[in-house]
Amino acid sequence: MDIPRWDMTSHAGISRVAKAFNVPASTLRYWESMGLLSVSRDRQNRYRDFSYQDMITMCDLMDLRNLGISIKQMRRFPHMGLDELELLYAEQSGELQKEIERLEATLRKVNASRQLIRQFNELMQSDDVRMSTPDVDMLIPHTNLYSSKTWQKYFSGEYEFGNVQLCSGAIPQSGWICTAAEEDAAPLWVCDKKNRRFAECALRIAVDDRQDSNYQQTRKRFEAMGYKTGVIVSRFVATAAEGPRSDFYKGWIEIY
């Protein structure tokens with residue numbers, strides 16, 4: 001039985017080649033302009049005429065692209081010896097490892113956000129008094145908001161959004177959750193884990209009207225059960241359109 005083989009004498013146009021490799025034809029034109037491909041032209045219509053060897057070159061280029069190799073490195077590829085290739089792959093391995101670490105950190109943040117939302121929804125649906133210690137060690141003021149270092153700390157996870165209402169009727173103050181005080185800002189609140197009792201609560205503050213919140217409603221709920229209330233401290237969960245668009249917080253209310 002005859003076994004089908006590649007016809008090394010066949011040729012194809014750019015549309016057929018682009019479809020075969022599942023890339024836009026514009027990508028092939030760009031690669032050609034960058035010197036990665038050197039495709040001959042049909043003598044009659046001047047269309048690009050991909051040969052068998054061009055297809056093999058395309059295979060090499062697609063392999064390199066799928067490995068994340070840059071255009072600059074791809075241009076050097078045909079002239080590399082084995083040692084240079086090994087070094088290229090070693091460098092790319094290091095870059096991919098950094099990307100893996102970045103993605104793992106992003107995944108941890110996504111999962112933490114999901115967990116907070118689940119916990120918040122459970123609090124919303126429960127009438128039980130859930131005693132726990134706040135996982136907010138310290139809250140400092142929102143200072144230096146126009147400093148890149150401030151936002152670097154936030155995006156790295158060193159800072160997180162939080163809120164504290166020091167007593168009934170006080171305006172909730174927003175701040176950064178952190179583990180150490182800043183030199184230029186006295187803490188808004190520091191957790192005293194030994195001498196205070198806290199119960200979990202679900203908090204809401206409307207985005208367009210910061211006076212529209214459920215802080216007083218939350219206090220009245222616990223006071224109706226015979227508790228006195230003190231500080232309410234909270235950790236930001238999400239901003240969502242549940243009724244009026246609001247910021248939602250997992251909170252801890254001091255009771256005694």
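Helix α4 contains Q73; helices (H or I, at least four residues) and strands (E, at least two) are DSSP runs numbered from the N terminus. This is a predicted model, in which local features need pLDDT of at least 70, side-chain atom pairs count only at pLDDT 80 or more, and totals for chains, interfaces and linings use all residues. Residues are numbered from 1 along each chain as its sequence is written, and side-chain values use heavy atoms, with hydrogens and water left out.

Q73 has a relative accessible area of 16% and is therefore buried (under 20%; exposed is over 50% and partly exposed in between, with a 1.4 Å probe and protein chains only). Apart from neighbours within four places in sequence, Q73 contacts M80, L88, E91 and Q92, where contact means heavy atoms within 4.5 Å.

Helix α4 (71-76) is also among the elements that cover the buried residues of α3, together with α1 (14-21), α2 (25-33), β2 (48-49) and α5 (82-125). Those buried residues are D54, M58, L61, M62 and L64. Viewed down the α3 axis, they fall within an arc of 160 degrees, so they line one face of the helix; the arc is taken from the directions from the helix axis to the C-beta atoms. An α-helix has 3.6 residues a turn, so residues three or four places apart point the same way. Just after α3, G68 has a positive phi of about 85 degrees.

Elsewhere, M225 sits in the loop between α7 (215-223) and β8 (229-241). With 38% relative accessibility, M225 counts as partly exposed.
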